[in-house]
Amino acid sequence: VQLQASGGGLVQAGGSLRLSCVASGNIFSIKTMGWYRQAPGKQRELVATVTGDGSTNYAASVKGRFIISRDNAKNTMWLRMNSLKPEDTAVYYCNAEISPYVPNMYVDYWGQGTQVTVSS
């Protein structure tokens, strides 16, 4: 099982980016998927999560600006980031609770990270 994140880049403050995360391999089912970020010198923090039935949760710092979504049929998750601020600069990681091969044997998987840089 692999998670492949993409879509990062350099954007000016106030701009937008969309991150994508695709899960591939022997996947039976996926529970919660989420995005986390880690800025230089800081701990990794939760950005947003989405459950299999579409329930979402956001960090207070991104609520109202970011939108998380997923397509269960495609094992894909997105993060639409609007009104970006310099403090959103970080490496963004996707995460998913995946049960490979059989039901209800969930394991945490992480993508490789994608850099988002917001200039002022």
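This is a predicted model: local features need pLDDT of at least 70, side-chain atom pairs count only at pLDDT 80 or more; totals for chains, interfaces and linings use all residues.
Colleague: In what order do the 4 strands of the open sheet lie?

Modeller: The pairing in this sheet is antiparallel. Its edge strands are strand 1 (2–6) and strand 7 (66–71), each of which pairs on one side only. From one strand to the next, the twist averages 15 degrees. The order is 1-3-8-7.

Colleague: Over how many bridges do strand 7 and strand 8 pair?

Modeller: Strand 8 covers residues 76–81, and its pairing with strand 7 is in the antiparallel sense. The number of bridges between strand 7 and strand 8 is 6.

Colleague: Is Ala23 buried or exposed?

Modeller: Ala23 is found in strand 3 (residues 17–24). Its relative accessible area is 6%, and the cut-off for the buried class is under 20%. Ala23 therefore counts as buried.

Colleague: Leaving aside neighbours within four places in sequence, which residues is Ala23 in contact with?

Modeller: Ala23 belongs to strand 3, which is part of the open sheet in the order 1-3-8-7. With those sequence neighbours left aside, the contacts of Ala23 are Gln2, Leu3, Ile30, Asn75 and Ile98.

Colleague: How far apart in space are Ala23 and Val116, C-alpha to C-alpha?

Modeller: In sequence, Ala23 and Val116 are 93 residues apart. Their C-alpha to C-alpha distance in space is 20 Å.

Colleague: What is the phi of Ser83, and where is Ser83 found?

Modeller: Ser83 is partly exposed, at 40% relative accessibility. Ser83 is not a glycine, yet its phi is positive, at about 50 degrees. As for its place, Ser83 is found in the loop between strand 8 and strand 9.

Colleague: Why does Tyr101 count as exposed?

Modeller: Tyr101 is found in the loop between strand 9 (90–99) and strand 10 (107–110). Although not a glycine, Tyr101 has a positive phi of about 70 degrees. The exposed class begins over 50% relative accessible area. Tyr101 counts as exposed because its relative accessible area is 60%.

Colleague: How much accessible area do Tyr101, Val102 and Met105 have together?

Modeller: Tyr101 is exposed, and its place is in the loop between strand 9 and strand 10. With Val102 and Met105, Tyr101 forms a nonpolar patch on the surface. The accessible area of the three together is about 350 Å².

Notes
Residues are numbered from 1 along each chain as its sequence is written. Side-chain values use heavy atoms; hydrogens and water are left out. Patches are made of residues with over 30% relative accessible area and no salt bridge: like charges are joined within 9 Å, nonpolar side chains (Val, Leu, Ile, Met, Phe, Trp, Tyr) within 5 Å. Accessible areas come from the Shrake-Rupley method with a 1.4 Å probe; for residues, only the protein chains shown count as cover. A salt bridge is a side-chain nitrogen of Lys or Arg within 4 Å of a carboxyl oxygen of Asp or Glu. Helices (H or I, at least four residues) and strands (E, at least two) are DSSP runs, numbered from the N terminus. Buried means under 20% relative accessible area, exposed over 50%, partly exposed in between (1.4 Å probe, protein chains only). Two strands pair if DSSP finds at least two bridges between them. Axes are lines fitted to C-alpha atoms, for helices over the stretch in contact, and angles run from 0 to 180 degrees between N-to-C directions. Contact means heavy atoms within 4.5 Å.
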